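Have the model open while you read.

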Amino acid sequence: MPKLATSDPQIASLIKQEEKRQQENIDLIPSENHTSKAVREALGSVLTDKYSEGYPKKRYYQGNRVVDKVEILAQERAKKLFDVPYVNVQPYSGSPANLAIYLATCTPQKDKIMGLKLAFGGHLTHGQPQSSTGQFFKSVLYELGKDGLLDYEACEKLALKEKPKVIVCGYTAYPRIIDFKRFGKIADKVGAYLLADISHITGLVIAGVHPSPVPYAHIVMTTTHKTLRGPRGAMIMVTEKGLKKDPNLPKKIDSAIIPGLQGGPHDHQTAAIAVALREAQSKLFKTYGEQIVKNAKALASALIEFGFDLTSGGTDNHLILIDLQNKKVNGAIAAIALETAGIVVNKNGVPFDPMPPFYPSGIRIGTPAATTRGMREKEMTKIAAWINQVIEEVKGEKLPEDKEKRSDFMKLFKTRVVKNKNLLAIAKEVRAFCSKFPIP
Ligand SMILES: *Cc1c(COP(=O)(O)O)cnc(C)c1O
């Protein structure tokens with residue numbers, strides 16, 4: 001970035017530092033990834049200068065001859081890849097996309113959204129009371145079963161009782177295959193729209209290693225920056241089934257995005273989405289998707305051998321949820337210790353977690369970013385061993401029972417942990433290991 005380095009050395013230096021951090025650490029956050037240079041070139045292009053409120057050939061601004069072509073390409077690629085008749089590629093991100101879907105389908109303060117409770121792996125925008133989606137609309141939230149798995153019968157009962165307008169499936173911390181067909185039947189039985197929010201697993205659906213929701217859902221939403229490996233953004237798709245239920249659904253979604261919720265689309269983002277979608281059409285992408293799951297399974301079985309308790313007993317997808325209660329380490333402590341050792345994860349609640357979200361009992365890890373860097377099963381075994389070493393190292397750290405004392409304890413722990421010789425030794429090994437797997 002020769003220009004930036006002279007015009008704004010502070011920001012240039014911070015970007016360099018972030019690049020170094022990404023290169024020297026193993027990113028196990030399941031919602032993150034490393035984009036290709038091509039995606040980032042499109043994202044950093046002059047398209048960011050343009051205003052193009054409206055849709056291709058129906059704009060409120062002049063000068064959109066080129067931008068129209070960009071957006072149409074993005075749409076055509078998405079429709080082909082997912083086999084859907086309609087897509088909107090303009091949502092700024094996943095959260096506004098979900099809000100737009102409810103605006104298009106529900107009457108505020110009247111209609112009900114049914115989603116998975118946040119503490120069980122649902123997203124904020126699935127009708128949680130903390131989110132505008134749970135404040136503007138009524139909502140009812142379902143839970144997982146005692147075994148950490150989706151309880152389809154309980155969902156059906158709840159849907160029959162509550163008569164939601166939209167049922168949401170697709171999650172942020174669910175390590176197993178989702179039975180979209182079953183959810184489709186439940187939605188049909190109560191006349192609800194089925195929204196499949198496949199933000200986390202899109203790349204797996206494209207690669208054919210997770211069933212597609214397209215035959216069963218009316219609406220499919222996905223972010224573009226997780227397993228799809230594009231820029232931040234989102235897409236809303238309507239399926240043939242959705243068109244049959246309501247032929248005006250595409251129009252309603254278009255209007256919900258603009259003028260309902262957004263102004264001008266981010267054309268540079270649209271172009272970068274188009275680039276990511278083209279990359280996703282390749283054979284290499286299929287191999288990548290398959291490897292994500294192979295890696296997650298390898299990581300899971302190595303962790304189980306070290307005595308880790310994985311919710312639902314393992315994984316079918318890109319993600320693993322570790323319940324650390326048997327290891328007597330809090331998730332917040334584990335996440336900080338792991339970061340010190342060069343392994344970046346999320347602290348995360350586990351099903352029926354007795355602890356609050358800020359000090360949850362578990363951690364959430366995933367393999368997409370590591371897989372992008374070329375790591376395979378062998379490397380996963382190595383990573384599992386490091387995770388085990390780190391957890392053993394901080395086993396004695398007890399989060400105070402007294403809630404008032406927790407924040408002070410964490411402050412002290414953070415100053416202590418960055419000096420821990422054993423963790424720093426692991427970080428050094430991780431750095432050397434990472435140098436063999438350059439980020440794109
Ligand atoms: C990430 C995610 C979103 C929201 O995406 P943002 O781009 O962070 O707003 C919505 N739903 C699910 C299931 C997600 O995983």
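Of the 49 residues in the largest nonpolar core, which touch the most other members?

1. Ground rules. This is a predicted model, where local features need pLDDT of at least 70, side-chain atom pairs count only at pLDDT 80 or more, and totals for chains, interfaces and linings use all residues. Residues are numbered from 1 along each chain as its sequence is written, and side-chain values use heavy atoms, with hydrogens and water left out.

2. The main core. The residues in question are Tyr142, Ile167, Phe183 and Met235. A nonpolar core here is a set of buried Ala, Val, Leu, Ile, Met, Phe, Trp, Tyr and Cys residues joined through side-chain atoms within 4.5 Å; buried is under 20% relative accessible area, exposed over 50%, partly exposed in between (1.4 Å probe, protein chains only). Helix α8 (residues 180-190) supplies the largest share of this core, 5 residues. Helices (H or I, at least four residues) and strands (E, at least two) are DSSP runs numbered from the N terminus. There's also a second, separate core of 47 residues, with Ile336, Ala370, Met380 and Ala384 among them.

3. Phe183 up close. Skipping neighbours within four places in sequence, Phe183 has contacts (heavy atoms within 4.5 Å) that include Tyr142, Ile167, Tyr152 and Leu194. Tyr142, Tyr152 and Phe183 also make up one aromatic cluster.

4. Ring pairs. Rings of Phe, Tyr and Trp (its six-membered ring) pair if their centres lie within 6.5 Å; planes under 30 degrees apart are stacked, over 60 edge-to-face, the rest tilted. That gives 11 aromatic pairs. One of them is Trp386 with Phe433, edge-to-face at 5.1 Å centre to centre and 85 degrees between the planes. Trp386 lies in helix α16 (residues 377-393) and Phe433 in helix α18 (residues 421-434), so this pair ties together parts 47 residues apart in sequence. Trp386 is buried at 2% relative accessible area, and Phe433 at 8%. Phe433 also pairs with Phe437, this time tilted: 5.4 Å and 50 degrees.

5. Charges over rings. The cut-off is NZ of Lys or CZ of Arg within 6 Å of the ring centre and within 35 degrees of the ring normal. Arg229 lies over the face of Tyr288, 3.8 Å from the ring centre, and Lys245 has its charged end over the ring of Tyr193, 4.9 Å from the centre.

6. The UniProt record (an unreviewed entry) annotates Lys226 as "modified residue: N6-(pyridoxal phosphate)lysine"; UniProt positions follow the numbering used here, feature names are shortened, and annotations may be inferred rather than shown by experiment. Lys226 sits in the loop between β9 (219-223) and β10 (234-238) and counts as buried at 12% relative accessibility. Leaving out residues up to four places away in sequence, Lys226 touches Ser31, Asn33, Ser199 and His200.
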